[in-house]
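Please read the sequence alongside the structure, and keep both in view while following the paragraphs below. They go step by step, from single side chains to the chain as a whole.

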Amino acid sequence: MKLIALSLLLSSQVAVAANWQLDNEKSSLYFVSVKNEVVAETHQFNQLSGSWDGKTVSITVPVMSMQTNIPIRNERIWQYVLQAEQYANIKVSVPLSDDSVAALSVNNSTVLDLPLTITIAKEQAMINSKVRITKLSDNTLQASSESPLMLNTNSFNLTAGVAKLQELAGLKRIDPLVPVSFNVRFSPQ
């Protein structure tokens, strides 16, 4: 009996210690923009890549994968706000020890308060977030925002780009607070 318990413990530790890769097909990243104080629109990033080494989750979001469903708006955001030619990716880094998820059994979850370090167009800001981590199977972990993150474009020095976008679109206002939600899955490689 002790041998079975030891082998189960070792196999779970090996799974946690493995290098986990983000599954883009089963992951999503959405944000909401609010213009003229009453019009809210949901947009998304179609490509995500990332890994978790048992200590840190690192996620890369290609700026050009942003989709607003209006091509000219995509181009203007890429050019003026996110400066895609100079800064091709948004980066997210999150400290997450394997101890935080080692005790999870399949179909169970835990909510953790985690500091997300986000880099957009060379500017970095930290946002604390409640993240729900669920063990979907022995080989699949899912992390999702428990509630939307509130990114402030001013924190990333995007004010001039947002003002240019507002001018080109003929808008009275584009709100600097941007709600963001995510759902990402990882599997060991």
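Is Trp52 buried or exposed? With a relative accessible area of 2%, Trp52 is buried, and this holds in a model that is predicted. Trp20 likewise counts as buried, because its relative accessibility of 2% falls under the 20% that sets the limit.

In one of them, the ring centres of Trp20 and Trp52 lie 5.9 Å apart while the planes stand at 50°, so the pair is tilted. Since Trp20 belongs to strand 1 (residues 20-22) and Trp52 to strand 4 (residues 49-52), the pair ties together parts that are 32 residues apart in sequence. Phe31 and Phe45 also form an aromatic pair that is tilted, with 5.6 Å from centre to centre and 40° between the planes. Here Phe31 comes from strand 2 (residues 28-35) and Phe45 from strand 3 (residues 39-45), 14 residues apart, and the pair links these distant parts of the chain. Both Phe31 and Phe45 are buried.

Just after helix 2, Gln83 takes a positive phi of about 50°.

Two packed helices are described by the angle between their axes and the distance between the axes. For helix 2 and helix 4, the axes come within 8 Å and cross at roughly 145°, and the crossing in which helix 2 passes helix 4 is right-handed. Helix 2 makes the contact through Arg76, Ile77, Tyr80 and Val81, while helix 4 contributes Gly161, Val162, Lys164, Leu165, Leu168 and Ala169. Two of the residues in this contact, Lys164 and Tyr80, are also found in a charge-over-ring arrangement, in which Lys164 lies over the face of Tyr80 at 5.7 Å from the ring centre.

Beyond helix 4, in the loop between that helix and strand 12 (177-188), is the place of Pro176. Pro176 counts as buried because its relative accessibility, 19%, is under the limit of 20%. Leaving aside residues up to four places away in sequence, Pro176 touches Leu151, Asn152, Thr153 and Asn154. The C-alpha atom of Pro176 is separated by 36 Å from that of Asn108, and the two residues are 68 residues apart along the chain.

Finally, the chain can be viewed as a whole. The chain has 4 helices and 12 strands, and its C-alpha atoms fill a box of roughly 70 × 30 × 25 Å along the principal axes. Of the 189 residues in the chain, 38% are buried. Among the contacts with a separation of 6 or more, 61% are made by residues 24 or more positions apart.

Note on methods: Residues numbered from 1 in each chain as written. Predicted model: local features only at pLDDT ≥ 70, side-chain atom pairs only at ≥ 80, totals over all residues. Heavy atoms only, no water. Phe/Tyr/Trp six-rings, centres within 6.5 Å; stacked < 30°, edge-to-face > 60°. Buried < 20%, exposed > 50% of the residue type's maximum accessible area, 1.4 Å probe, protein only. Lys NZ or Arg CZ within 6 Å of the ring centre and 35° of its normal. Axes fitted to C-alpha atoms, helices over the stretch in contact; angles between N-to-C directions. Left-handed = near helix turned anticlockwise from the far one by under 90°. Contact = heavy atoms within 4.5 Å.
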